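Please keep the sequence and the structure in view while reading.

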Amino acid sequence: MTAAIGFLMIIAIVALLLKGKMSPIVVLAVIPVIAALILGFSPVEVMDFIADGIKTTTSNGILFIFSVIYFGVLADTGLFDVIVGWLVKKAGNNVIAVTVVTALIATIAHLDGTTAVTVLITIPAMYPVYKKMNIDSRILLCLTGACMGVMNLLPWGGPTARAATVLAMDATELWHMLIPLQVVGLMMNIVLAVLLGMFAIRHGAGAGKGVEVESDEKAKKEAADLRKSNAYLIFNFLLTVGVIALLSTGIGKSYVIFMLGLCILLAVNYPNQKTQDKLIKKHAPAALIAAGAMVGVFDGTGMLEAMANAIMAIIPAALGKYVHIIFGILALPLGLCVGTDAYFYGIMPLVMQVGETYGVASLNTALTMLIGKNLALMVSPLVPATYLAIGLTGTELKDHMKFSIPPYYIISLIMLVFGVILGIVAI
(Lines give C-alpha, C1' and ligand atoms only; values in the text may rest on other atoms or scores of the structure.)
Protein backbone atom coordinates (compact mmCIF):
# COMPACT_ATOMS: atom_id res chain seq x y z
CA MET A 1 0.00 0.00 0.00
CA THR A 2 2.75 2.45 0.99
CA ALA A 3 4.76 1.73 -2.16
CA ALA A 4 1.65 2.02 -4.36
CA ILE A 5 0.77 5.43 -2.91
CA GLY A 6 4.39 6.51 -3.41
CA PHE A 7 4.39 5.53 -7.08
CA LEU A 8 1.02 7.23 -7.62
CA MET A 9 2.39 10.35 -5.95
CA ILE A 10 5.38 10.49 -8.30
CA ILE A 11 3.17 9.88 -11.34
CA ALA A 12 0.82 12.67 -10.23
CA ILE A 13 3.70 15.10 -9.61
CA VAL A 14 5.38 14.42 -12.96
CA ALA A 15 2.05 14.59 -14.83
CA LEU A 16 1.09 17.93 -13.25
CA LEU A 17 4.53 19.40 -13.90
CA LEU A 18 4.51 18.31 -17.53
CA LYS A 19 1.01 19.72 -18.08
CA GLY A 20 2.04 23.01 -16.50
CA LYS A 21 -1.39 23.49 -14.93
CA MET A 22 -0.07 24.25 -11.44
CA SER A 23 2.94 26.01 -9.97
CA PRO A 24 5.83 23.55 -9.29
CA ILE A 25 6.02 24.81 -5.70
CA VAL A 26 2.33 24.00 -5.16
CA VAL A 27 2.70 20.57 -6.77
CA LEU A 28 5.76 19.61 -4.72
CA ALA A 29 4.17 20.73 -1.47
CA VAL A 30 0.54 19.67 -1.82
CA ILE A 31 0.75 16.24 -3.51
CA PRO A 32 3.11 14.70 -0.89
CA VAL A 33 0.87 16.02 1.90
CA ILE A 34 -2.19 14.42 0.30
CA ALA A 35 -0.29 11.14 -0.11
CA ALA A 36 0.78 11.14 3.54
CA LEU A 37 -2.79 11.84 4.71
CA ILE A 38 -4.11 8.97 2.56
CA LEU A 39 -1.59 6.67 4.28
CA GLY A 40 -3.20 7.56 7.61
CA PHE A 41 -0.69 9.99 9.05
CA SER A 42 -2.13 12.85 11.09
CA PRO A 43 -1.73 16.49 10.01
CA VAL A 44 0.64 17.08 12.94
CA GLU A 45 2.84 14.15 11.84
CA VAL A 46 2.84 15.39 8.26
CA MET A 47 3.92 18.87 9.39
CA ASP A 48 6.76 17.26 11.35
CA PHE A 49 7.82 15.33 8.22
CA ILE A 50 7.87 18.56 6.23
CA ALA A 51 9.87 20.37 8.92
CA ASP A 52 12.44 17.55 8.98
CA GLY A 53 12.67 17.58 5.20
CA ILE A 54 13.25 21.32 5.08
CA LYS A 55 16.03 20.93 7.66
CA THR A 56 17.85 18.51 5.36
CA THR A 57 17.86 21.09 2.56
CA THR A 58 18.87 24.07 4.70
CA SER A 59 22.64 23.85 4.22
CA ASN A 60 22.23 23.36 0.45
CA GLY A 61 19.85 26.30 0.40
CA ILE A 62 22.38 28.51 2.18
CA LEU A 63 25.12 27.36 -0.19
CA PHE A 64 22.85 28.13 -3.14
CA ILE A 65 22.12 31.63 -1.88
CA PHE A 66 25.74 32.60 -1.21
CA SER A 67 27.10 30.99 -4.40
CA VAL A 68 24.47 32.76 -6.53
CA ILE A 69 25.23 36.13 -4.96
CA TYR A 70 29.00 35.59 -5.14
CA PHE A 71 29.11 34.70 -8.82
CA GLY A 72 26.40 37.21 -9.63
CA VAL A 73 28.55 40.00 -8.19
CA LEU A 74 31.57 38.50 -9.92
CA ALA A 75 29.73 38.74 -13.23
CA ASP A 76 28.91 42.39 -12.47
CA THR A 77 32.61 43.15 -12.18
CA GLY A 78 33.11 41.88 -15.75
CA LEU A 79 35.44 38.95 -14.96
CA PHE A 80 33.74 36.49 -17.30
CA ASP A 81 33.29 38.92 -20.17
CA VAL A 82 36.73 38.39 -21.68
CA ILE A 83 36.59 34.62 -22.24
CA VAL A 84 32.89 34.54 -23.09
CA GLY A 85 33.24 37.53 -25.42
CA TRP A 86 36.16 35.88 -27.21
CA LEU A 87 34.26 32.62 -27.72
CA VAL A 88 31.12 34.39 -28.92
CA LYS A 89 33.19 36.47 -31.34
CA LYS A 90 34.78 33.32 -32.74
CA ALA A 91 31.34 31.78 -33.26
CA GLY A 92 30.23 34.75 -35.35
CA ASN A 93 27.05 34.17 -37.33
CA ASN A 94 27.49 30.40 -37.64
CA VAL A 95 24.59 28.66 -35.88
CA ILE A 96 26.47 25.42 -35.25
CA ALA A 97 29.47 27.36 -33.94
CA VAL A 98 27.13 29.17 -31.54
CA THR A 99 25.73 25.92 -30.14
CA VAL A 100 29.24 24.43 -29.79
CA VAL A 101 30.45 27.58 -28.04
CA THR A 102 27.47 27.28 -25.69
CA ALA A 103 28.66 23.80 -24.72
CA LEU A 104 32.22 25.04 -24.18
CA ILE A 105 31.13 27.96 -22.01
CA ALA A 106 28.84 25.76 -19.89
CA THR A 107 31.63 23.21 -19.44
CA ILE A 108 34.13 25.84 -18.32
CA ALA A 109 31.56 27.56 -16.12
CA HIS A 110 30.84 24.31 -14.28
CA LEU A 111 34.43 23.70 -13.25
CA ASP A 112 33.46 24.81 -9.75
CA GLY A 113 30.60 22.31 -9.62
CA THR A 114 27.95 24.90 -8.75
CA THR A 115 24.77 24.64 -10.80
CA ALA A 116 23.56 28.18 -10.23
CA VAL A 117 26.92 29.60 -11.30
CA THR A 118 26.88 27.71 -14.59
CA VAL A 119 23.39 29.03 -15.31
CA LEU A 120 24.31 32.61 -14.42
CA ILE A 121 27.43 32.60 -16.59
CA THR A 122 26.17 30.70 -19.63
CA ILE A 123 22.58 31.78 -20.16
CA PRO A 124 22.85 35.59 -19.81
CA ALA A 125 25.90 35.54 -22.11
CA MET A 126 24.33 33.42 -24.85
CA TYR A 127 20.63 34.28 -24.65
CA PRO A 128 20.92 37.55 -26.66
CA VAL A 129 22.85 35.66 -29.38
CA TYR A 130 20.14 33.00 -29.52
CA LYS A 131 17.41 35.62 -29.81
CA LYS A 132 19.31 37.53 -32.49
CA MET A 133 19.81 34.37 -34.59
CA ASN A 134 16.33 32.93 -33.92
CA ILE A 135 17.72 29.83 -32.19
CA ASP A 136 15.23 28.06 -29.93
CA SER A 137 16.05 28.91 -26.30
CA ARG A 138 15.30 25.30 -25.35
CA ILE A 139 18.55 24.41 -27.12
CA LEU A 140 20.41 26.81 -24.84
CA LEU A 141 18.84 25.17 -21.78
CA CYS A 142 19.46 21.65 -23.10
CA LEU A 143 23.16 22.21 -23.80
CA THR A 144 23.73 24.00 -20.49
CA GLY A 145 22.14 21.10 -18.61
CA ALA A 146 23.98 18.40 -20.56
CA CYS A 147 27.40 19.95 -19.89
CA MET A 148 26.46 20.59 -16.29
CA GLY A 149 25.45 16.94 -15.84
CA VAL A 150 28.73 15.57 -17.16
CA MET A 151 30.94 18.08 -15.34
CA ASN A 152 29.03 17.52 -12.10
CA LEU A 153 30.92 14.23 -11.70
CA LEU A 154 33.71 16.35 -10.19
CA PRO A 155 34.40 15.37 -6.55
CA TRP A 156 33.17 18.74 -5.25
CA GLY A 157 30.05 18.69 -7.44
CA GLY A 158 27.90 17.05 -4.75
CA PRO A 159 26.64 13.71 -6.11
CA THR A 160 30.11 12.16 -6.32
CA ALA A 161 30.81 13.24 -2.75
CA ARG A 162 27.50 11.75 -1.59
CA ALA A 163 28.15 8.45 -3.34
CA ALA A 164 31.66 8.35 -1.86
CA THR A 165 30.18 8.93 1.59
CA VAL A 166 27.86 5.94 1.18
CA LEU A 167 30.80 3.86 -0.06
CA ALA A 168 33.02 5.13 2.78
CA MET A 169 35.74 6.12 0.32
CA ASP A 170 37.49 9.31 -0.81
CA ALA A 171 35.50 11.36 -3.34
CA THR A 172 38.62 12.16 -5.39
CA GLU A 173 39.45 8.46 -5.64
CA LEU A 174 35.94 7.76 -6.93
CA TRP A 175 36.20 10.64 -9.40
CA HIS A 176 39.46 9.25 -10.83
CA MET A 177 37.50 6.15 -11.89
CA LEU A 178 34.89 8.36 -13.55
CA ILE A 179 37.29 10.57 -15.56
CA PRO A 180 37.18 8.39 -18.73
CA LEU A 181 33.39 8.55 -18.65
CA GLN A 182 33.56 12.31 -18.23
CA VAL A 183 35.66 12.49 -21.38
CA VAL A 184 33.10 10.37 -23.24
CA GLY A 185 30.31 12.58 -21.93
CA LEU A 186 32.06 15.78 -23.00
CA MET A 187 32.56 14.38 -26.49
CA MET A 188 28.88 13.44 -26.63
CA ASN A 189 27.96 16.99 -25.59
CA ILE A 190 29.90 18.42 -28.53
CA VAL A 191 28.11 15.97 -30.85
CA LEU A 192 24.81 17.04 -29.29
CA ALA A 193 25.71 20.71 -29.82
CA VAL A 194 26.38 20.08 -33.52
CA LEU A 195 23.14 18.11 -33.96
CA LEU A 196 21.10 20.77 -32.18
CA GLY A 197 22.77 23.43 -34.33
CA MET A 198 21.66 21.53 -37.43
CA PHE A 199 18.18 21.20 -35.91
CA ALA A 200 18.07 24.96 -35.34
CA ILE A 201 19.06 25.68 -38.94
CA ARG A 202 16.30 23.38 -40.22
CA HIS A 203 13.85 25.36 -38.10
CA GLY A 204 14.83 28.75 -39.50
CA ALA A 205 17.77 29.86 -37.36
CA GLY A 206 20.48 32.05 -38.86
CA ALA A 207 22.02 35.49 -38.97
CA GLY A 208 19.46 38.28 -39.29
CA LYS A 209 16.50 35.97 -38.72
CA GLY A 210 15.88 36.82 -35.09
CA VAL A 211 15.46 39.92 -32.99
CA GLU A 212 17.75 41.99 -30.87
CA VAL A 213 17.16 41.67 -27.16
CA GLU A 214 15.97 45.07 -26.09
CA SER A 215 18.34 46.66 -23.65
CA ASP A 216 17.32 49.16 -21.08
CA GLU A 217 19.62 52.18 -21.35
CA LYS A 218 19.33 52.71 -17.63
CA ALA A 219 20.30 49.09 -17.01
CA LYS A 220 23.24 49.42 -19.41
CA LYS A 221 24.48 52.47 -17.55
CA GLU A 222 24.13 50.69 -14.21
CA ALA A 223 26.09 47.72 -15.58
CA ALA A 224 28.82 50.02 -16.87
CA ASP A 225 29.05 51.71 -13.49
CA LEU A 226 29.58 48.34 -11.81
CA ARG A 227 32.26 47.21 -14.27
CA LYS A 228 35.74 47.16 -12.73
CA SER A 229 39.22 47.81 -14.13
CA ASN A 230 41.72 45.09 -15.06
CA ALA A 231 43.49 45.42 -11.72
CA TYR A 232 40.30 44.53 -9.89
CA LEU A 233 39.57 41.71 -12.33
CA ILE A 234 42.97 40.14 -11.65
CA PHE A 235 42.25 40.27 -7.91
CA ASN A 236 38.77 38.83 -8.46
CA PHE A 237 40.22 36.01 -10.54
CA LEU A 238 42.77 35.13 -7.85
CA LEU A 239 40.09 35.32 -5.16
CA THR A 240 37.84 32.97 -7.13
CA VAL A 241 40.71 30.52 -7.68
CA GLY A 242 41.27 30.59 -3.93
CA VAL A 243 37.57 29.99 -3.21
CA ILE A 244 37.42 27.05 -5.63
CA ALA A 245 40.67 25.64 -4.22
CA LEU A 246 39.23 25.74 -0.71
CA LEU A 247 36.03 24.12 -1.94
CA SER A 248 38.01 21.31 -3.55
CA THR A 249 39.95 20.59 -0.34
CA GLY A 250 36.81 20.19 1.76
CA ILE A 251 38.54 22.15 4.51
CA GLY A 252 35.31 23.82 5.62
CA LYS A 253 31.61 24.12 4.92
CA SER A 254 31.01 25.21 1.33
CA TYR A 255 28.53 27.92 2.28
CA VAL A 256 30.97 29.36 4.84
CA ILE A 257 33.71 29.58 2.19
CA PHE A 258 31.32 31.30 -0.23
CA MET A 259 30.10 33.65 2.48
CA LEU A 260 33.65 34.74 3.36
CA GLY A 261 34.56 35.01 -0.33
CA LEU A 262 31.49 37.18 -0.94
CA CYS A 263 32.42 39.48 1.94
CA ILE A 264 35.93 39.98 0.54
CA LEU A 265 34.61 40.43 -3.00
CA LEU A 266 32.15 43.12 -1.93
CA ALA A 267 34.58 44.87 0.40
CA VAL A 268 37.26 45.20 -2.27
CA ASN A 269 35.15 45.93 -5.34
CA TYR A 270 32.22 47.83 -3.86
CA PRO A 271 33.10 49.35 -0.46
CA ASN A 272 29.94 51.46 -0.44
CA GLN A 273 27.25 49.98 1.83
CA LYS A 274 24.34 51.06 -0.37
CA THR A 275 25.92 49.41 -3.41
CA GLN A 276 26.57 46.23 -1.43
CA ASP A 277 22.97 46.07 -0.23
CA LYS A 278 21.71 46.69 -3.75
CA LEU A 279 23.82 43.90 -5.23
CA ILE A 280 22.81 41.40 -2.55
CA LYS A 281 19.13 42.14 -3.17
CA LYS A 282 19.70 41.97 -6.91
CA HIS A 283 21.21 38.50 -6.89
CA ALA A 284 19.54 36.87 -3.87
CA PRO A 285 17.47 33.94 -5.19
CA ALA A 286 14.00 33.05 -4.05
CA ALA A 287 13.93 30.16 -1.59
CA LEU A 288 12.54 26.88 -2.88
CA ILE A 289 11.44 24.89 0.17
CA ALA A 290 8.76 22.73 -1.44
CA ALA A 291 11.38 20.16 -2.45
CA GLY A 292 12.27 19.81 1.24
CA ALA A 293 8.63 19.05 2.00
CA MET A 294 8.64 16.21 -0.52
CA VAL A 295 11.87 14.75 0.84
CA GLY A 296 10.52 14.90 4.40
CA VAL A 297 7.26 13.12 3.51
CA PHE A 298 9.20 10.49 1.51
CA ASP A 299 11.40 9.66 4.48
CA GLY A 300 8.90 10.10 7.30
CA THR A 301 6.18 7.90 5.81
CA GLY A 302 8.58 5.16 4.73
CA MET A 303 7.40 5.50 1.11
CA LEU A 304 10.92 5.67 -0.26
CA GLU A 305 12.04 2.37 1.24
CA ALA A 306 8.77 0.67 0.34
CA MET A 307 9.04 1.82 -3.27
CA ALA A 308 12.65 0.69 -3.60
CA ASN A 309 11.81 -2.71 -2.10
CA ALA A 310 8.83 -3.08 -4.43
CA ILE A 311 11.02 -2.38 -7.47
CA MET A 312 13.60 -4.90 -6.31
CA ALA A 313 10.95 -7.51 -5.58
CA ILE A 314 9.90 -7.65 -9.24
CA ILE A 315 13.44 -8.21 -10.50
CA PRO A 316 13.76 -11.91 -11.47
CA ALA A 317 16.48 -13.84 -9.65
CA ALA A 318 18.24 -14.49 -12.97
CA LEU A 319 18.70 -10.76 -13.40
CA GLY A 320 19.97 -10.22 -9.85
CA LYS A 321 23.60 -10.02 -10.92
CA TYR A 322 22.64 -7.23 -13.31
CA VAL A 323 20.81 -5.13 -10.70
CA HIS A 324 23.45 -2.38 -10.98
CA ILE A 325 22.95 -2.19 -14.77
CA ILE A 326 19.17 -2.12 -14.33
CA PHE A 327 19.38 0.79 -11.92
CA GLY A 328 21.97 2.46 -14.12
CA ILE A 329 19.35 2.45 -16.88
CA LEU A 330 16.71 3.72 -14.43
CA ALA A 331 19.04 6.33 -12.91
CA LEU A 332 17.86 9.28 -15.00
CA PRO A 333 14.10 8.79 -14.52
CA LEU A 334 14.67 8.10 -10.81
CA GLY A 335 16.97 11.12 -10.52
CA LEU A 336 14.33 13.24 -12.20
CA CYS A 337 11.71 12.41 -9.58
CA VAL A 338 13.79 11.99 -6.43
CA GLY A 339 15.90 14.57 -4.62
CA THR A 340 19.68 14.18 -4.49
CA ASP A 341 19.87 13.24 -0.82
CA ALA A 342 16.94 10.83 -1.07
CA TYR A 343 18.54 9.23 -4.12
CA PHE A 344 22.02 8.78 -2.71
CA TYR A 345 21.19 8.19 0.94
CA GLY A 346 17.86 6.40 0.46
CA ILE A 347 17.67 4.44 -2.78
CA MET A 348 21.36 3.81 -3.49
CA PRO A 349 22.18 2.01 -0.20
CA LEU A 350 19.17 -0.29 -0.70
CA VAL A 351 20.20 -1.13 -4.26
CA MET A 352 23.77 -1.72 -3.07
CA GLN A 353 22.52 -4.11 -0.42
CA VAL A 354 20.48 -6.12 -2.91
CA GLY A 355 23.39 -6.11 -5.35
CA GLU A 356 25.76 -7.47 -2.72
CA THR A 357 23.47 -10.48 -2.19
CA TYR A 358 23.88 -11.29 -5.88
CA GLY A 359 27.63 -10.71 -5.83
CA VAL A 360 27.59 -7.20 -7.29
CA ALA A 361 30.14 -4.92 -5.61
CA SER A 362 28.69 -1.75 -4.11
CA LEU A 363 31.25 0.32 -6.04
CA ASN A 364 29.82 -1.01 -9.32
CA THR A 365 26.32 -0.03 -8.27
CA ALA A 366 27.42 3.47 -7.25
CA LEU A 367 29.23 4.07 -10.54
CA THR A 368 26.21 3.12 -12.65
CA MET A 369 23.73 5.10 -10.56
CA LEU A 370 25.87 8.26 -10.58
CA ILE A 371 25.84 8.81 -14.34
CA GLY A 372 22.13 9.10 -15.06
CA LYS A 373 21.38 11.00 -11.86
CA ASN A 374 23.85 13.73 -12.80
CA LEU A 375 22.37 14.15 -16.25
CA ALA A 376 18.92 14.54 -14.69
CA LEU A 377 20.21 17.57 -12.81
CA MET A 378 18.90 20.41 -14.97
CA VAL A 379 15.52 18.87 -15.77
CA SER A 380 14.68 17.89 -12.22
CA PRO A 381 11.93 19.98 -10.59
CA LEU A 382 13.75 19.41 -7.30
CA VAL A 383 16.80 21.45 -8.35
CA PRO A 384 16.58 25.22 -7.70
CA ALA A 385 18.92 26.03 -10.60
CA THR A 386 16.33 24.55 -12.99
CA TYR A 387 13.91 27.34 -12.07
CA LEU A 388 16.68 29.94 -12.33
CA ALA A 389 17.52 28.75 -15.86
CA ILE A 390 13.97 28.64 -17.20
CA GLY A 391 13.31 32.03 -15.60
CA LEU A 392 16.25 33.63 -17.41
CA THR A 393 15.00 32.35 -20.79
CA GLY A 394 11.27 32.68 -20.18
CA THR A 395 10.75 28.98 -20.91
CA GLU A 396 8.05 26.78 -19.35
CA LEU A 397 9.36 23.89 -17.24
CA LYS A 398 7.23 21.38 -19.18
CA ASP A 399 8.68 22.56 -22.52
CA HIS A 400 12.23 22.31 -21.21
CA MET A 401 11.62 18.80 -19.83
CA LYS A 402 10.00 17.51 -23.03
CA PHE A 403 12.84 18.84 -25.18
CA SER A 404 15.84 17.94 -23.00
CA ILE A 405 15.01 14.61 -21.33
CA PRO A 406 15.38 12.43 -24.50
CA PRO A 407 18.95 13.57 -25.40
CA TYR A 408 20.00 13.45 -21.74
CA TYR A 409 18.76 9.88 -21.47
CA ILE A 410 20.60 8.84 -24.64
CA ILE A 411 23.86 10.37 -23.38
CA SER A 412 23.49 8.67 -20.00
CA LEU A 413 22.97 5.28 -21.68
CA ILE A 414 25.96 5.79 -24.00
CA MET A 415 28.15 6.67 -21.00
CA LEU A 416 26.89 3.56 -19.20
CA VAL A 417 27.74 1.39 -22.23
CA PHE A 418 31.23 2.90 -22.42
CA GLY A 419 31.62 2.28 -18.69
CA VAL A 420 31.11 -1.42 -19.36
CA ILE A 421 33.32 -1.44 -22.49
CA LEU A 422 36.18 0.35 -20.68
CA GLY A 423 35.92 -2.01 -17.72
CA ILE A 424 34.97 0.74 -15.30
CA VAL A 425 31.69 -1.04 -14.61
CA ALA A 426 31.98 -4.79 -14.18
CA ILE A 427 29.23 -7.17 -15.30
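## Tyr-70 and the nonpolar core

Apart from neighbours within four places in sequence, Tyr-70 is in contact (heavy atoms within 4.5 Å) with Leu-239, Thr-240, Val-243, Phe-258, Gly-261, Leu-262 and Leu-265. Tyr-70, Ile-135 and Met-415 touch the most other members of the largest nonpolar core, which has 124 residues. Helix 9 (residues 171-202) supplies the largest share of this core, 10 residues.

A nonpolar core is a set of buried Ala, Val, Leu, Ile, Met, Phe, Trp, Tyr and Cys residues joined through side-chain atoms within 4.5 Å. Buried means under 20% relative accessible area, exposed over 50%, and partly exposed in between, with a 1.4 Å probe and protein chains only. Helices are DSSP runs of H or I with at least four residues, numbered from the N terminus.

## Model and confidence

This is a predicted model, in which local features need pLDDT of at least 70 and side-chain atom pairs count only at pLDDT 80 or more, while totals for chains, interfaces and linings use all residues. Residues are numbered from 1 along each chain as its sequence is written, and side-chain values use heavy atoms, without hydrogens and water.

The protein chain has a mean pLDDT (the predictor's confidence in each residue, from 0 to 100) of 80, and 84% of its residues reach 70 or more. Confidence is highest in helix 7 (residues 137-151), at a mean of 93, and lowest in helix 10 (residues 217-226), at 64.

In helix 20 (residues 384-393), the buried residues include Ala-385, Tyr-387 and Ile-390. Gly-394 follows helix 20 and has a positive phi, near 65°.

Met-1 lies in the segment before helix 1 (2-19). Met-1 counts as exposed because its relative accessibility is 67%.

Methods:
Helix = DSSP H or I, 4+ residues; strand = E, 2+ residues; numbered from the N terminus.
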